[in-house]
Amino acid sequence: MSSASESHAQFPALGVCYYPEHWPEDMWEADAKAMVAAGISWVRIAEFAWSRIEPQRDNFTWDWLDRAVKTLGDAGLKITMCTPTATPPKWLIDEMPDMIAIEADGTPRRFGSRRHYCFSHLGYRAESRRITQAIAARYGQMDAVAAWQTDNEYGCHDTIYSYSAAAKAGFQAWLADHYGTVAELNKAWGNVFWSMEVGDFSEVELPNLTVTEANPAHNLDFRRYSTAAVVTFNREQTDILRRLSPDRPIAHNYMGEFAQFDHRPVAADLDIASWDSYPLGMLQNMQSYPSANTERDQKTYADCMRTGEPDFQAFHHDLYRGMGRLWIMEQQPGPVNWAKYNPVPRAGAVRMWSWEAIAHGAELVSYFRWRQAPFAQEQMHAGLMLRNNEPAVGLAEAKQFASELDLLDGADTIQAPIALIHDYEADWISALDGQSDDFAYLPLMLDFYRAIRRHGGSVDIIGPHDDISGYALVIVPCLMHVPDSLAHQIEHFDGQLLIGPRTGAKTIDFQLPKNLAPGPLASVTGVTITRVDAVPASQTISVSDDEILGNFKIWREHVTAQGTVLAMGEDGYPAVIKSNRTSYLAGWPDAALANNVISQAMQQAGITTHEMPGYLRVRQRGNKLIFVNYGDQMMTIPNSFSGTFILGMQDVPPAGVSIMHVDS
Amino acid sequence: MSSASESHAQFPALGVCYYPEHWPEDMWEADAKAMVAAGISWVRIAEFAWSRIEPQRDNFTWDWLDRAVKTLGDAGLKITMCTPTATPPKWLIDEMPDMIAIEADGTPRRFGSRRHYCFSHLGYRAESRRITQAIAARYGQMDAVAAWQTDNEYGCHDTIYSYSAAAKAGFQAWLADHYGTVAELNKAWGNVFWSMEVGDFSEVELPNLTVTEANPAHNLDFRRYSTAAVVTFNREQTDILRRLSPDRPIAHNYMGEFAQFDHRPVAADLDIASWDSYPLGMLQNMQSYPSANTERDQKTYADCMRTGEPDFQAFHHDLYRGMGRLWIMEQQPGPVNWAKYNPVPRAGAVRMWSWEAIAHGAELVSYFRWRQAPFAQEQMHAGLMLRNNEPAVGLAEAKQFASELDLLDGADTIQAPIALIHDYEADWISALDGQSDDFAYLPLMLDFYRAIRRHGGSVDIIGPHDDISGYALVIVPCLMHVPDSLAHQIEHFDGQLLIGPRTGAKTIDFQLPKNLAPGPLASVTGVTITRVDAVPASQTISVSDDEILGNFKIWREHVTAQGTVLAMGEDGYPAVIKSNRTSYLAGWPDAALANNVISQAMQQAGITTHEMPGYLRVRQRGNKLIFVNYGDQMMTIPNSFSGTFILGMQDVPPAGVSIMHVDS
Amino acid sequence: MSSASESHAQFPALGVCYYPEHWPEDMWEADAKAMVAAGISWVRIAEFAWSRIEPQRDNFTWDWLDRAVKTLGDAGLKITMCTPTATPPKWLIDEMPDMIAIEADGTPRRFGSRRHYCFSHLGYRAESRRITQAIAARYGQMDAVAAWQTDNEYGCHDTIYSYSAAAKAGFQAWLADHYGTVAELNKAWGNVFWSMEVGDFSEVELPNLTVTEANPAHNLDFRRYSTAAVVTFNREQTDILRRLSPDRPIAHNYMGEFAQFDHRPVAADLDIASWDSYPLGMLQNMQSYPSANTERDQKTYADCMRTGEPDFQAFHHDLYRGMGRLWIMEQQPGPVNWAKYNPVPRAGAVRMWSWEAIAHGAELVSYFRWRQAPFAQEQMHAGLMLRNNEPAVGLAEAKQFASELDLLDGADTIQAPIALIHDYEADWISALDGQSDDFAYLPLMLDFYRAIRRHGGSVDIIGPHDDISGYALVIVPCLMHVPDSLAHQIEHFDGQLLIGPRTGAKTIDFQLPKNLAPGPLASVTGVTITRVDAVPASQTISVSDDEILGNFKIWREHVTAQGTVLAMGEDGYPAVIKSNRTSYLAGWPDAALANNVISQAMQQAGITTHEMPGYLRVRQRGNKLIFVNYGDQMMTIPNSFSGTFILGMQDVPPAGVSIMHVDS
């Protein structure tokens with residue numbers, strides 16, 4: 001990410017998403033005043049307003065937006081202005097109908113909702129620059145415009161991968177650039193395997209519509225290319241914004257659970273890594289995760305239906321904080337409209353989610369949206385205000401949160417003792433590698449993350465190219481390809497390391513490494529993996545030292561070990577192997593095993609562990625410990641924590657928040 | 001519907017569907033005699049015979065059909081002649097290949113089965129008129145031809161919505177006609193929401209192939225347009241038939257559970273609202289209903305696998321009787337071929353279904369088909385005769401039914417004390433509005449309907465524009481949009497009213513009403529709805545007054561009430577609110593709650609309630625109470641009924657029928 | 001099949017699949033020597049090597065393959081050379097893009113994996129002949145080349161049915177040839193049913209994209225045509241191979257559970273009926289079988305997750321042995337990559353599978369593949385060697401198997417006492433006939449087959465046109481159409497006959513027979529079938545004589561019987577009917593009923609029955625009884641077997657093998 005000169009004194013703060021184009025102009029001023037009265041200081045606008053800004057080509061109707069900006073600014077609100085490229089208007093699509101994306105099955109993705117464009121389409125890229133230039137030129141230097149957002153939710157509705165002619169041309173050029181010769185490409189992909197060799201880059205097809213699965217290396221490169229297309233699209237906007245609107249930080253609003261592009265290179269061109277947090281909708285989505293069929297998952301679902309999965313939001317806060325200044329650009333304010341089921345949040349949940357974001361380092365919590373829209377696709381999505389302009393339940397909770405924010409007293413996020421290495425390519429490679437319908441990267445990451453949090457740990461989530469120095473414990477749950485630079489860092493690392501299954505399982509070209517080890521971590525782990533046992537989640541393999549520690553599920557590696565075998569599987573193969581400061585876990589641990597292995601690793605790293613009851617969670621921000629309770633039962637903060645409560649108390653009610661001041 | 005001059009004296013009667021073109025001509029006469037001997041007086045023919053009537057363009061081969069009509073007529077049978085437009089022949093499709101419908105995903109729906117046409121295609125519309133003209137001119141005035149059927153099962157195999165170029169042109173014209181200007185359309189749809197505004201009617205796309213869901217208002221208008229296309233198609237046929245075949249009533253055969261077009265405007269051009277009743281196939285279909293996963297549903301399935309869902313047939317009899325003279329144009333006579341599973345009916349079920357149809361006001365029960373066809377798609381579908389021309393089990397049951405019909409002794413259907421308001425648009429709007437994968441309109445209607453029937457009530461099902469005067473109790477389970485005319489009727493209504501969830505939730509343009517109330521029923525209900533809690537069927541909310549009355553499931557509204565709160569939800573919001581004569585039920589009731597609320601409403605309306613055991617059901621026709629037992633156990637008619645048994649007795653065996661003469 | 005002059009003295013033997021093009025040339029010689037050292041004498045090569053043989057059109061690069069053949073041959077290995085037509089190279093697809101297959105929904109099946117061709121495409125057929133000619137001319141007479149394989153796994157990835165223009169033209173020509181006139185076609189298909197009559201063969205469409213299901217007779221003929229296309233494609237290769245490489249047997253490698261083409265006419269042009277046996281992957285596939293939801297199935301799954309379904313491999317060995325000399329062209333050597341889950345095999349399983357193949361008459365067990373490939377689609381598929389060229393677990397088991405083979409001592413397969421009649425068209429017809437989502441042909445066949453094996457029986461699986469003389473018992477589980485020739489054989493058959501449900505249910509034109517009987521088996525069975533009761537697998541009908549024998553599931557026929565009723569259903573209809581030497585079973589038996597009926601039939605046929613415990617199975621080869629244990633518990637061979645153990649003993653461990661010498 002770019003460094004930003006922006007002063008942070010104005011944070012933490014509350015924001016809101018607002019659509020002046022949806023409401024009579026005579027409501028704007030009162031809306032702005034009500035926002036300010038609620039403690040809101042930021043307002044995001046215009047991300048879907050293209051058809052009102054430019055109803056026909058080159059016929060710009062700025063007047064209404066000028067007045068909206070003035071009204072909001074005059075009320076003292078800072079504006080996050082957006083480029084409106086997520087919703088190109090109909091006349092533009094009609095001018096160049098081939099700008100839309102094509103699905104893997106060949107179906108066009110047409111006008112009529114949003115995100116109807118292909119990142120690879122050069123014509124639309126030019127239009128993106130043109131409208132960005134126009135809006136930045138008009139508003140870029142206005143005082144009220146204090147930040148930018150590029151586009152909106154890149155990839156929402158599965159819009160990263162397009163199988164269009166434009167994408168094919170772009171992919172072929174990217175490959176030519178990357179490989180130089182087709183001989184290199186054929187070799188890297190192993191195209192000899194099924195006579196898939198190509199004689200020229202122009203012969204390369206997109207990896208869709210093949211008779212059976214395409215070469216996974218082919219697919220991996222297509223995903224890399226697709227990320228590159230997003231990076232280019234985004235950078236073309238940021239280049240213009242930085243030129244025409246200097247000193248304003250630029251954000252993009254990412255989403256939860258979304259991994260179709262690598263966010264890190266996109267984030268490198270931005271200042272702010274914001275995301276849109278909808279805990280209840282995401283809990284519903286998680287029910288379709290491949291391994292979400294256990295009793296534990298069902299219990300969590302029932303217990304947390306009105307608060308969300310207890311570790312999901314925190315994970316994403318930590319994930320995106322690793323890529324820039326953390327904003328919550330859209331925070332769920334009440335029931336939403338788009339999930340399979342859309343329950344009402346538990347009383348207090350909106351405040352709790354807000355505090356949790358702050359605990360994890362957020363500068364801004366911005367609610368989506370100010371007032372419920374009575375029309376179109378999201379009419380059933382709650383706002384802070386009801387559609388009749390009376391306050392909704394969420395507004396009172398936001399106000400309470402605003403009134404409590406001073407308690408932070410300058411406490412700011414510091415480096416955590418634990419780093420968890422996360423990688424988008426690892427997600428793709430594990431999916432493309434197959435072997436098990438129950439294996440999925442995010443649930444595996446969450447299982448490791450949850451075990452740390454169940455022991456009170458604060459975590460930084462970092463990428464495979466980030467600096468690991470300064471951490472007491474680095475956990476690598478599943479890094480399918482280990483870059484040499486990380487292997488080099490690890491060799492010189494003096495903290496504790498915990499390496500999980502499939503780490504180092506592939507070369508950069510999606511080949512198996514010549515050795516049978518975790519790639520370049522062969523010597524540091526001292527393990528050799530001779531076979532993989534991919535069993536359904538229902539068929540576990542128990543792991544024990546003197547007593548049973550838990551089970552492997554879904555994924556189990558048969559290994560030989562040079563280090564000390566700390567635990568064995570019932571199948572007769574080592575399960576946990578310790579070699580100097582590095583532990584290797586040869587399978588996907590269930591909750592019991594993860595709890596055992598990770599609490600032990602924390603203790604070996606000198607990190608105090610706490611037994612967090614139920615769905616109680618904690619995160620440290622500076623000298624404040626912020627506790628939240630996702631469950632439906634009152635929970636008591638363990639006595640192992642010591643400090644002074646400045647908000648709440650030791651007993652945390654459902655959806656409650658307690659804050660403890662600590663001296664450290 | 002048109003009023004028909006037809007005398008009803010010939011009814012109730014038995015009919016059968018017959019395909020002379022499937023059988024050697026030398027069998028026809030014996031077939032006709034056997035029909036008459038079985039008590040059958042009506043025969044339907046020719047709905048799939050186009051390729052035999054006109055094997056090449058303008059080469060009509062009427063001779064065989066002339067002889068078939070004569071043979072049947074000479075035997076004393078009345079003929080329901082059909083227009084053969086459901087199966088245009090191959091030469092016609094080859095002449096204009098673009099007459100076929102296109103699926104939402106862009107796939108063409110080709111020749112090779114039936115219903116391979118698009119209602120919007122002007123060329124096929126001309127052909128429909130041409131063949132209707134030809135067949136009506138030839139047979140319209142023959143004595144034997146006593147009624148007409150247009151086409152066959154409009155919409156079967158999901159054929160209402162076509163995404164063809166013809167449909168697009170038709171839709172655009174319909175919109176232009178309806179809205180006048182695109183500004184009006186943009187406003188009505190709320191197209192500003194995602195820059196979806198259009199500059200000209202020619203820019204409007206069909207609502208398919210969008211990146212995510214299209215604007216629900218867009219979808220709703222497309223459904224309205226699609227209904228208009230069916231109405232036009234049908235009316236073009238009825239105009240010709242009324243001209244060339246005066247004084248013959250015209251029917252169309254609707255289907256069970258089918259709601260893709262609004263049947264009421266189609267019915268307005270017809271005399272007879274017939275439907276095709278296949279209880280066992282429909283029971284199988286119902287297993288895929290979103291909420292059909294409870295223990296109760298599974299028990300009903302096992303208990304009723306050989307009789308059908310106990311309220312499904314009755315519901316449809318009442319539904320279609322509300323749109324015209326009721327005929328059962330196709331009555332299941334034995335196992336069918338098209339459901340997921342196709343069990344043999346319980347002994348007696350064919351007779352029971354026939355009597356139940358009569359109980360609900362049917363004039364005619366016409367079995368499908370006379371003799372099992374040994375070839376093509378439906379060869380495993382039973383007939384009254386086996387394919388070797390021996391009688392099937394169903395024939396004996398039909399004969400028994402025929403022999404018992406005189407017991408009716410002129411009893412005819414009269415207005416019921418209870419009206420249930422049903423609306424096709426409510427079905428569409430609730431589906432398009434989303435919020436819950438478990439919400440579906442028909443199951444909700446059936447839950448209300450079942451509770452009435454579980455208390456012995458007889459019901460008329462009426463549309464939102466029908467007259468409600470004369471009813472003691474009007475139930476509105478879920479009328480998503482309440483027309484002003486109905487609101488006006490309700491204001492002046494002096495009976496009891498029970499209003500269910502989501503009623504009045506939308507304006508005619510698929511927007512949320514400005515108030516937070518059930519639209520125009522704000523003052524009559526006295527409730528304000530501030531939030532909606534859409535939870536999975538497995539997560540219920542209990543409702544109690546002094547004791548627990550039952551639960552809300554799937555849908556729960558958080559309301560504030562001006563009236564008397566009769567019951568509260570465990571979530572702290574009112575559940576049942578009474579305001580003068582109007583009760584509002586703020587959620588989808590489970591069986592216990594529905595039973596409590598509806599029996600109370602019946603009693604308040606002065607309607608005697610009976611506790612119907614198991615799957616025993618009753619319907620009144622004039623001075624006759626007709627009892628049927630859908631279950632697999634003998635059931636005893638409650639003593640609360642008093643009268644004289646003229647068929648069967650107080651103990652009704654499985655698939656049995658009892659008829660009681662009453663004095664009222 | 002053709003008779004082959006090949007001496008069989010070299011068998012049984014071990015083989016392996018090898019890809020010299022995947023490895024540096026300097027590894028080949030050591031690989032060859034290691035194969036020989038492991039006891040391997042056959043090696044299959046080149047089936048995916050087209051892009052290396054002919055990198056551009058007419059630019060043949062034989063040199064590397066020449067050297068590979070020489071290296072392997074010099075090591076003493078016999079080579080099975082393959083035609084590489086399963087993977088045409090990119091330049092060829094680019095020359096004629098319409099050579100690819102089209103899916104039923106209209107989607108093209110493009111280059112990028114394998115099998116990207118349409119069997120009907122005349123241009124590709126010419127290419128297939130050209131490359132076959134080239135490779136056969138070069139290698140056909142070399143000493144080392146001892147056998148041929150045509151193409152690879154016809155139909156893999158559902159590639160038999162193509163809905164291309166080429167397929168349409170081919171189908172129309174085939175119909176014209178078959179029917180002569182469209183009048184005949186219209187009559188045979190019953191096209192009058194829904195006005196589906198055609199006026200010319202050129203009007204016939206492919207049976208896809210119809211509004212609802214196409215005429216099943218239309219579909220059946222399309223399947224027959226598709227088989228004819230495979231036969232032609234394969235025969236064009238065998239004609240060339242027989243001419244240019246005389247005296248080498250020709251094989252094709254079929255697959256398990258695959259029935260999209262009729263294998264018997266293809267096999268008629270081949271010498272060897274080989275198949276690719278992957279027990280663990282197939283067990284995973286079987287979990288999606290319609291009726292695989294019972295507790296028994298779940299237990300088998302858990303017990304046999306590491307060995308496979310106990311009767312699946314044996315069934316296929318017996319099936320393909322009925323079509324030619326039996327080879328296992330690809331034998332699973334460890335975990336594979338393509339199933340939903342891919343567990344590690346139980347220790348010993350590779351040896352057990354190998355011995356089981358021999359027990360069922362295999363000449364060759366050829367492992368797939370020599371060494372794990374570190375790239376492309378199958379990189380996670382185990383080989384006998386790890387990718388770092390150390391031995392995998394499977395190699396030791398193969399070596400053990402090789403060292404034990406002499407124990408056979410010349411024992412060779414002889415005619416079994418029991419024949420099971422299997423028919424690919426019966427599979428198609430039962431699927432096309434519908435009536436039940438739970439009915440599937442292969443599970444039904446396996447239920448009959450399993451019951452025989454549970455009683456120790458050895459079986460030949462034969463086709464409906466094969467000779468039944470010499471068998472003591474012929475079982476016909478479900479022969480939807482009974483050819484007259486078989487009916488004639490049965491009339492003169494003097495053994496016991498057991499006929500199962502749906503046998504004779506259709507004429508050759510997919511019509512119901514005029515009589516209500518099992519077609520031409522009317523008099524021999526003496527049953528009349530008046531109705532079919534198709535219920536879900538969860539709703540069974542019990543069957544008893546004096547006591548309950550078991551249940552019918554899924555399919556039940558209501559019959560009247562002229563013979564002796566041995567058992568009745570609880571529904572009041574006969575269940576098992578005996579007429580002279582013929583038993584008719586009027587439904588799909590569950591395990592208990594199948595065990596009862598089949599053990600009785602075996603005893604009546606004079607065949608000794610044994611109660612095989614658990615998953616222990618036995619098959620006789622000459623004077624050797626070979627026992628295998630698929631379960632996870634030690635099992636004891638029943639004392640009813642008498643003989644001398646020459647391998648293993650009476651207690652057979654999990655994945656163990658025992659061999660008993662018997663005198664008979």
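Let me start with the contact between chains C and B. In this predicted model, 43 residues of chain C touch 46 residues of chain B. On the chain C side, two elements each supply at least two residues: helix α8, residues 216-244, and strand β13, residues 527-534. Which of them gives the most to that side? That is β13(C), with five residues. By residue class, the side of chain C that touches chain B divides into 17 nonpolar, 16 polar and ten charged.

Next, how the chains relate. Chain A can be laid on chain C by a turn of 120° and a shift of 0.0 Å along the axis, and the RMSD is 0.0 Å. That is therefore the relation of a three-fold axis.

Now a helix pair inside chain A. Helix α8 of chain A, residues 216-244, packs against helix α15 of chain A, residues 424-433. Their axes are 10 Å apart, and the angle is about 150°. Angles over 145 degrees count as roughly antiparallel, so α8(A) and α15(A) are roughly antiparallel to each other. Is the crossing left-handed or right-handed? For α8(A) and α15(A), the crossing is right-handed.

As for who makes the contact, α8(A) contributes A:P216, A:N219, A:L220 and A:R223. From α15(A) come A:W428, A:I429, A:L432 and A:D433. Sorted by class, the residues of this contact are five nonpolar, one polar and two charged.

To recap the helix pair: α8(A) and α15(A) are roughly antiparallel, with a right-handed crossing. For the chains, the contact of C with B involves 43 residues of chain C and 46 of chain B.

Conventions
Residues numbered from 1 in each chain as written. Chains lettered and ligands numbered in written order. Predicted model: local features only at pLDDT ≥ 70, side-chain atom pairs only at ≥ 80, totals over all residues. Axes fitted to C-alpha atoms, helices over the stretch in contact; angles between N-to-C directions. Helix = DSSP H or I, 4+ residues; strand = E, 2+ residues; numbered from the N terminus. Parallel < 35°, antiparallel > 145°, perpendicular 65-115°, else oblique. Left-handed = near helix turned anticlockwise from the far one by under 90°. Contact = placed C-beta atoms within 7 Å. Nonpolar A, V, L, I, M, F, W, Y, C, P; charged D, E, K, R; others polar. Least-squares fit on C-alpha atoms with pLDDT ≥ 70 in both.
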